[in-house]
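Subject: A structure for you to look at

Hello,

Here is the structure I promised to pass on.

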Amino acid sequence: MSTLIIGNLVRVRGREWVVLPETTEDLAMLRPLGGTAAEETGVLTALEPIEPAVFPLPTTDDVGDFASGRMLRDALRLGFRSSAGPFRSFGRIAVQPRPYQFVPLLMALRQETSRLLIADDVGIGKTVEALLIARELLDTGEATRLAVLCSPQLAEQWRAEMASKFNLDAQLVLPSTVARLERHLHLGETIFSRHPITVISTDFIKSDRHRHGFLRDAPDLVIVDEAHTAVAADGGGSGRGRHQRHELLKGLAADEDRHLLLVTATPHSGKEEGFRALLHLLDPSLAKLPEDLTGEENRRNREHLAQFFVQRRRHDIQHFLGTDTDFPERQAAEVTYKLTDDYARAIDAAIELARQSVADGDRGQTRQRVRWWSALALLRSMASSPAAAAQTLRNRAANAEAASVAEADEIGRRTVMDLVEDESAEAVDVPPGAQDPDDDRYRRKLRELARTMDGLSGEGDAKLTAATKLVKGLLKDGFNPILFCRFIPTAEYVARHLGSSLGRKVTVAAVTGTLPPEEREARIAELGRTTAEDGTQRVLVATDCLSEGINLQGLFDAVVHYDLSWNPTRHEQREGRVDRLGQPSPEVRTLTFYGTNTRIDPIVLDVLLRKHEAIRRSTGVSVPVPGDANQVLEALTEGLLTRGDGEQLTFDLQAEEERDALHADWEAAAHRYGPGGTTIYAQRTIDPTEVAREVEGAAAAVGSGGDVQQFLADVAHATGGTASRQPGPSPRLAVDFSGARPRVKELLQPADRQLRVAFAPPTLPGETLITRTSPLVETLATHVVDTALDPHTMAPDRIAARAGAVRTSAVETRTTLLLVRMRFSITVATSGSLMTDGGRAGERTSRTMLAEDAAALAFTGSPDNAVWLPMEDARRLFDATATGQITHEQRERFVAMVLDGEAHLRPALEEMAVDRAADLRDAHVRVRQAARTRRPKTVSVDPHLPVDLLGVYVLLPDHGGV
């Protein structure tokens with residue numbers, strides 16, 4: 001049926017529709033003219049007659065306010081979901097990418113199969129970069145299904161990010177959801193064939209029970225979050241969990257046609273074999289590259305790696321392409337406290353008790369290791385708080401039933417050390433135990449010490465007193481801090497004390513692992529709402545269950561490390577919750593809070609934290625601890641328990657050698673972040689002017705946050721509402737539709753009638769983020785277009801005029817401005833492999849996509865002798881302001897002169913559509929030009945004629961001539 005050509009305008013059910021690419025001869029897939037994706041529908045051609053539709057020209061009855069023409073133009077452009085820019089997906093996303101975020105997208109599109117390791121610094125926006133690629137691959141048909149693999153704690157955040165910013169509706173596949181999802185499957189279906197977009201717990205799907213089934217039906221596009229946790233120094237993974245993760249990723253990578261995006265902020269932690277294993281997943285040849293890639297002789301190797309690997313530090317992108325990306329300035333400091341004499345004596349007693357226990361070798365080597373880990377747990381909890389110490393002293397040791405030294409060590413490390421790369425990304429915040437069930441005498445001494453710790457709570461806790469003073473100082477300086485604690489009892493204890501000490505103008509909340517992930521986010525959101533309504537400041541006390549996952553930059557701008565982590569990466573994760581893109585405060589404070597006489601804090605500072613900070617300052621990036629830092633810490637703390645004495649630990653020769661060896665390895669790992677590796681990691685091989693061209697093309701096609709702001713303000717004023725600028729770090733409005741016309745108010749949700757609006761992150765408390773794909777914008781854009789195009793809609797309900805005339809200083813001679821809509825079919829034909837096993841070329845496949853463009857065109861003179869202006873000049877004319885008045889009759893006469901000569905304009909309009917199709921083809925090919933390919937692609941772009949003439953506006957010089 002010739003009527004059902006993709007992009008054609010047809011009439012059925014009493015209205016006009018656009019034919020969509022999914023149309024077949026039997027089923028027409030249609031979208032209402034000016035409608036949204038939610039209104040797309042299928043029509044059976046055998047049951048309902050579908051007629052071709054011709055878009056009517058404006059008439060003199062459409063003459064109205066010239067300024068409303070800009071509103072119509074913006075409504076059209078913001079309403080497009082298949083825009084005609086260089087990227088097919090940008091009409092569907094609710095985020096305006098920063099220029100530097102285009103770089104991974106361009107890298108991915110230039111590969112035959114997109115495979116990237118995205119390793120940008122914390123807080124730069126790796127999630128957005130990965131989802132930009134995914135959305136584009138899905139919208140071009142190069143991928144049909146998507147799975148995101150992440151830790152269960154981050155699953156809901158990924159799902160929310162996909163929905164709110166990329167209009168991707170994902171199903172969560174977690175142990176808690178699988179049974180429900182499987183109940184609704186048909187025979188032969190799997191979760192992944194039924195649900196094309198999923199967010200999956202890596203720890204769930206990696207198991208032997210589920211991994212093989214997933215690999216059989218895995219999507220053709222997979223994003224792997226925290227990909228470094230799937231490999232280790234041996235390249236395969238140490239520990240059963242790591243091994244299973246690595247087997248999962250190897251199975252996914254084995255299909256060379258599967259798109260694979262690996263995301264991590266720590267791709268290389270000094271473990272060269274693990275880094276090579278990551279690269280091997282992308283391309284086996286990368287694992288064979290030499291370790292040292294400097295020098296001219298390795299130029300080709302560097303270029304090869306640069307096709308798959310992107311890693312930028314903040315200073316690499318802060319002023320990219322002349323666009324400033326404002327990150328807060330991090331002000332880091334150390335703050336000390338000194339324990340009271342009673343508290344210090346309690347720690348001395350605990351150390352002495354631990355020494356005696358560890359030295360007792362009569363109970364066997366395994367029991368000795370159980371005691372050693374119990375002693376270490378006790379020291380950690382006593383340095384944390386009396387509450388954590390008392391609970392540890394009363395709890396049974398987690399490894400009490402260990403049957404071997406290896407088992408005792410494994411359980412001890414998991415409960416006592418800070419293992420960021422353990423089975424879960426979430427830290428264990430339950431206090432470890434110290435009780436030995438087989439030694440009544442030892443248990444009695446621990447219970448006595450627990451009673452002592454109970455009596456040191458409150459006034460006897462100098463750490464809590466000093467922290468309270470510290471928090472008061474931060475609040476006085478205008479900061480809203482987060483205090484990170486190691487254990488649940490400490491967080492609850494500190495939150496209770498601060499809640500009673502800081503007064504009514506401060507609201508304090510605690511979030512720990514006792515809450516499931518969704519309730520943690522809800523509690524934080526409630527804290528933000530409450531403090532916004534009350535005008536109070538806020539303090540959050542949390543364990544490391546929040547050090548990854550929930551982004552907190554909109555509510556908090558200071559971090560206090562109430563308890564030192566024994567892994568510097570955890571400190572960076574804590575600070576990264578607030579020190580990231582979108583932080584509205586120009587300054588973030590991070591305070592390392594430690595006791596000078598706690599015995600154990602100085603060890604952690606000297607060996608790990610200060611070295612980590614020094615490397616971060618010198619390289620601009622957080623470099624993870626190489627090797628096994630826990631082994632070094634165990635050796636150092638063993639010195640405290642068996643040999644140390646006095647207030648501070650005196651390192652023996654062996655401990656000093658281990659510390660110095662760790663620091664040397666760390667510095668070597670950091671060296672690769674210096675000038676020798678910058679070209680590879682920062683992707684400076686991509687021409688910035690090339691990126692700039694695509695950034696400009698995308699903005700021109702779909703509009704920017706500034707366009708959304710202007711449109712919302714224009715509609716509010718035109719319909720009887722109000723819009724006023726508000727102060728803030730970026731443009732924002734207070735919009736009130738409560739006085740708008742009834743027909744407009746009926747369209748809006750009650751919550752949308754009075755809003756404080758931001759158009760780009762960050763949002764302040766009480767604000768709503770509005771983007772081009774927000775329901776409010778979609779609703780208003782559709783209403784503006786529909787009322788303008790419907791001949792039966794009369795003023796005042798017709799918001800935007802399709803025709804007008806005005807006197808303005810923007811022109812020197814009579815100039816006619818046309819608003820046109822162009823539609824195009826983009827067909828990508830892909831051959832099969834150049835040669836199949838039988839020696840013959842593979843089958844050729846093709847896919848067709850619809851693109852729409854709202855263009856401003858302008859000419860001087862009469863239609864039969866038109867002199868066309870550059871399109872850039874035409875676009876600027878929509879911003880012209882009236883500087884003189886003409887009568888309504890004059891407006892009608894000038895518009896009628898153009899309409900009477902419309903036939904003379906048609907050849908030029910068609911020629912421009914053909915030229916635009918050629919430009920669109922060039923842009924499509926340019927951003928996807930692969931360096932090498934097994935499957936050559938050809939792209940064709942065909943305009944749909946005639947071009948739709950939507951608006952006619954005549955601009956007259958203000959000096960009175962025509």
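A residue counts as buried if its relative accessible area is under 20%. By that cut-off, Tyr562 and Phe593 are both buried. Please keep in mind that this is a predicted model.

Tyr562 and Phe593 also form an aromatic pair. The pair is tilted, with 40 degrees between the planes and 5.9 Å from centre to centre. Tyr562 lies in the loop between strand 17 and helix 21, while Phe593 is in strand 18, 31 residues apart.

How many aromatic pairs does the structure hold? There are 10. One of them joins Phe66 and Tyr953 edge-to-face, at 6.0 Å centre to centre and 75 degrees between the planes. Phe66 comes from the loop between strand 5 and helix 1 and Tyr953 from strand 27, so this pair ties together parts that are 887 residues apart in sequence. Phe66 is buried at 6% relative accessible area, and Tyr953 is buried at 0%. Ring pairs also bring in Phe878, which makes a cluster with Phe66 and Tyr953.

In soluble globular proteins, nonpolar side chains tend to be buried together. Here the largest nonpolar core has 62 residues, and Met453 and Leu483 have the most contacts inside it. Helix 14 gives the most to this core, with nine residues. A second, separate core of 55 residues includes Val735 and Tyr953.

Finally, look at Arg380: its charged end sits over the ring of Trp566, 4.1 Å from the ring's centre.

Enjoy exploring!

Methods: Residues are numbered from 1 along each chain as its sequence is written. This is a predicted model: local features need pLDDT of at least 70, side-chain atom pairs count only at pLDDT 80 or more; totals for chains, interfaces and linings use all residues. Side-chain values use heavy atoms; hydrogens and water are left out. A nonpolar core is a set of buried Ala, Val, Leu, Ile, Met, Phe, Trp, Tyr and Cys residues joined through side-chain atoms within 4.5 Å. Buried means under 20% relative accessible area, exposed over 50%, partly exposed in between (1.4 Å probe, protein chains only). Helices (H or I, at least four residues) and strands (E, at least two) are DSSP runs, numbered from the N terminus. Rings of Phe, Tyr and Trp (its six-membered ring) pair if their centres lie within 6.5 Å; planes under 30 degrees apart count as stacked, over 60 as edge-to-face and the rest as tilted. A charge sits over a ring if NZ of Lys or CZ of Arg is within 6 Å of the ring centre and within 35 degrees of the ring normal.
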